[in-house]
Amino acid sequence: MQDNRAQAIIEDLLRKHPGVKDTGVFFDDRDGCVVLVVPDDRYLENISGRAAGSNVLSKWRKTFDLSQLTKEAASAPVGFNTIGWNSSYTRQPIHTDEIREWVENTVRDILQLAPKTVYEIGCGTGMLLMRIAPGSKRYAAADFSPVVLNRLREQLRTVPALAERVEVMERSADNFEGIDDDSFDTVVLNSVAQYFPSAAYLTEVMEGAIRIVKPGGHIYVGDNRSLPLLPAFESSVELFQAADAMRADDLRTRIRRREEREQELVLSAAYFLSLRHRHSKLSRVDIRPLCGRADNEMTRYRFAAILHVGGEIKASSQEEFLNWTECKWTLSEIRSMLMAHGNERIGIKHIQNSRIEKDLAALAILRDAEDELSAAELRQRLEQTPAQGINPQDLIDLESEGLGFSVILSWAACRLDGSYDAYFVPKELRQGITSPAIRWPEPEAREFMRLANAPGQGKMRNELIAQLLTHCSRQLPPELVPREITLVDTLARRGGSNIDS
Amino acid sequence: MKGKTEIHDFVRELLTNSGDDEPLVDQDSLLISGRLQSIDAVEIVVFLEENFGIDFTRIGFDREQIDSIDLIYALTQTTAAGN
C-alpha cells in the first residue's frame, strides 16, 4: 500500500478516538511509520481524575513554604540558604561547596551579560540577588512563595545598602502586570522552570519576559533539566540506589515508574531554540552545559539557555567544525592543536561528555540486558567500560593556561549521547565581544517534536498510548498497525496537511 | 478526629498513586527513603491541617516529623495534647 494511502487510513482512525485532538502520520527512512498524536487534555484528566495546572503550582508553593519553616532555614547564612537542595541520588543535602560553586558560576555567567536593570522570576531567598544586585541600578525580584519572600526580606534588612534598589514582589511567574515593555535589560529565571506545570505555562512566561526586555538585553534561563538525557538520569539514580542483588528487570520497572512519577518540567534545549522562530524580537539563543568541577546532577544533566533580545544577528558564515568522533582527541591533543594554530578559530563538534558517559553506558547495557543480570554485575561491566570523553570544564580551563584562546561551549544540538560542541576563538579576534555569535550545530528536525515532558502525567499518557495502540490493532490490518505512538504538544503543519518534519 | 487507620489509608493511597505497591508498615520511612517525593509531603501536610487542625506555620516544619505513619500519628497526638 502506498505511504499516502496508509497515512490517511491511520490518521482517520486515530481521529475517531476521543483522546486524540490531532494526529499526524509520516514515513521516514530511519523509523518507517512515525505516528504523532496531540492528546485531548480533558480526556487525559479524566483518565487520571487529577486536576492539573494551578494545582501543581499551589503544591510547589506549599513545598517551598514548608522548606522555609524549618529550624535550619531560620539560621541559614545571608545569601546562602540551601534548604531543600537535596541530591536525587543520596536524598541527602548536596554539599554546600558544590552549591557554592554552582551559585558562583551562575552569577559569573549572568554578570557577563552586564545586567544593570534586572527582573528575577523565582528569586527564592536571594542566592543570586545578593550577588548581582550590588552591581545593578535596579533589581526587581519576584517569587510566588510568601514564606520564602519573608526570609528574603529578613536577609535584605541585614544589608541596608541593597534595600533602596531591590523591589520584592509576591507574584506568580506568569504575572507581568504593571511592568512596561522594554523596561529591563535582563530577566533571570534560574532553577525555576522545572516547577512550572507545563511547557504551555513556560511559554506564557517567556512571552512576558521577551516583552519586558529592551533590545540589546538578555533572558537567562538557567539550571534547566535536560529532556534528551532524562532516561540516562533516571536510570543512573535508580542504579545508584539499587542493592547489589537487584535484577535488571526490577531495575527497568523502577526506572519506568520513576519516569511516570516525574513531577518536574524537563526541557529540551530545542524548546528555547524554537522560540527564535516565533519571536522576531529574539536575535539568537545560546545553550550551554553548566560549568563546574563538582560531579553532581546539575553539572551532568542541566543546561542554561541565554536568549538575546534585539540587536543584529552577527553570526559569521557557517563555521567549520572538526568532528571529535573521527579522531577522539584527548585533552592534551586539543591543547597541542591550539598551540599549533595560534591565530585561527577552531570548532570541534560531537565531543563525548565524560561527565555522563558511564551513565549512558549503563543505560545501554540495561536496555539490552537479560532479566537476571544483577546491579552488582552491571556495575562490574561499567568498570570495564573505557572512559574516552572530555569533561567540559577541562576545556573551559584551557582558557586560563595562556594559550591565547577564549573557549565557548554549546549544548544546542540536543544529541541523545550528551555530546557537546566547542569553539576556540583567538583572544585578539574576539575584540571585546563577551559572547560572540557562532553558528552552532543544531538539533535534527525530530528533536523539535518533543520539547518538554508532561509533569505528573506519565501514567495517564502511557495509558492513552496503550488505548490508541489497541484501537489501531482492532481495526487495522496487521501491516498498518503502528509499532509506537508518540504524544506531542503541537503539530507544525506545512501548507496543506503535511507535517513539517 | 481521625486516627491511625485513616493516616495509614491516606499514605497507602499516596504511595499507590506514585506507582508504589510495596508492603507498608507503620515504621517505614516515607520521605527520607525516597518512597515519596518532597511534593508528596505537601499532601500529607494538607491532610494534617484539614483533619487534625495542625498549624505548621506555628509549630514549624521538619520532614522527619512526618517520615512514617508512626511519626505522623505521634505528631497528631502531641499537637492535640498541646492544644
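The model is predicted, and local features need pLDDT of at least 70, side-chain atom pairs count only at pLDDT 80 or more, while totals for chains, interfaces and linings use all residues. Residues are numbered from 1 along each chain as its sequence is written, and chains are lettered from A and ligands numbered from 1 in the order in which they are written.

To look at this helix pair in detail, helix 10 spans residues 230–241 of chain A and helix 11 spans residues 248–261 of chain A; their axes come within 9 Å and cross at roughly 130°. Axes here are lines fitted to C-alpha atoms, for helices over the stretch in contact, with angles from 0 to 180 degrees between N-to-C directions. Helices (H or I, at least four residues) and strands (E, at least two) are DSSP runs, numbered from the N terminus. The crossing of helix 10 and helix 11 of chain A is right-handed, meaning that the near helix is turned clockwise from the far one by less than a right angle. From helix 10 of chain A, A:Glu234, A:Ser235, A:Glu238 and A:Leu239 meet residues of helix 11 of chain A that include A:Arg254 and A:Arg258, contact being C-beta atoms, placed from the backbone, within 7 Å. This contact has 3 nonpolar, 1 polar and 5 charged residues. Ala, Val, Leu, Ile, Met, Phe, Trp, Tyr, Cys and Pro count as nonpolar, Asp, Glu, Lys and Arg as charged, and the others, Gly among them, as polar.

Helix 10 of chain A also packs against helix 16 (residues 357–368) of chain A, at an angle of about 85° and with the axes 9 Å apart. Helix 10 and helix 16 of chain A are therefore roughly perpendicular to each other. Among the residues that meet here are A:Pro231, A:Ala232 and A:Leu239 of helix 10 and A:Leu360, A:Leu363 and A:Leu366 of helix 16. By class, the contact of helix 10 with helix 16 of chain A holds 7 nonpolar, 2 polar and 1 charged residues.

Turning to strands, chain A has an open sheet of 3 strands in the order 1-2-14, with mixed pairing; two strands pair if DSSP finds at least two bridges between them. Strand 1 (20–28) and strand 14 (486–487) of chain A are the edge strands, each pairing on one side only. Strand 1 runs antiparallel to strand 2 (residues 32–39) of chain A, and 8 bridges join them. One of these features is the pairing of A:Asp28 with its bridge partner A:Gly32 in strand 2 of chain A. Helix 1 (residues 3–15) of chain A packs on the sheet and touches strand 1 and strand 2, its direction making about 160° with that of strand 1.

Overall, chain A has 20 helices and 16 strands. Its radius of gyration is 24 Å, close to the 23 Å that the globule rule gives for 501 residues, so chain A is as compact as a globular protein of that length. The radius is taken over C-alpha atoms, and the rule is 2.2 Å times the number of residues to the power 0.38. Chain B has 4 helices and 0 strands.

Where the chains touch, chain B gives 15 residues and chain A gives 13 residues. Helix 2 (38–52) and helix 3 (56–59) of chain B each supply at least two residues of the side of chain B that touches chain A.

Definitions and conventions: Two residues are in contact if their C-beta atoms, placed from the backbone, lie within 7 Å. Angles under 35 degrees count as roughly parallel, over 145 as roughly antiparallel, 65 to 115 as roughly perpendicular and the rest as oblique.
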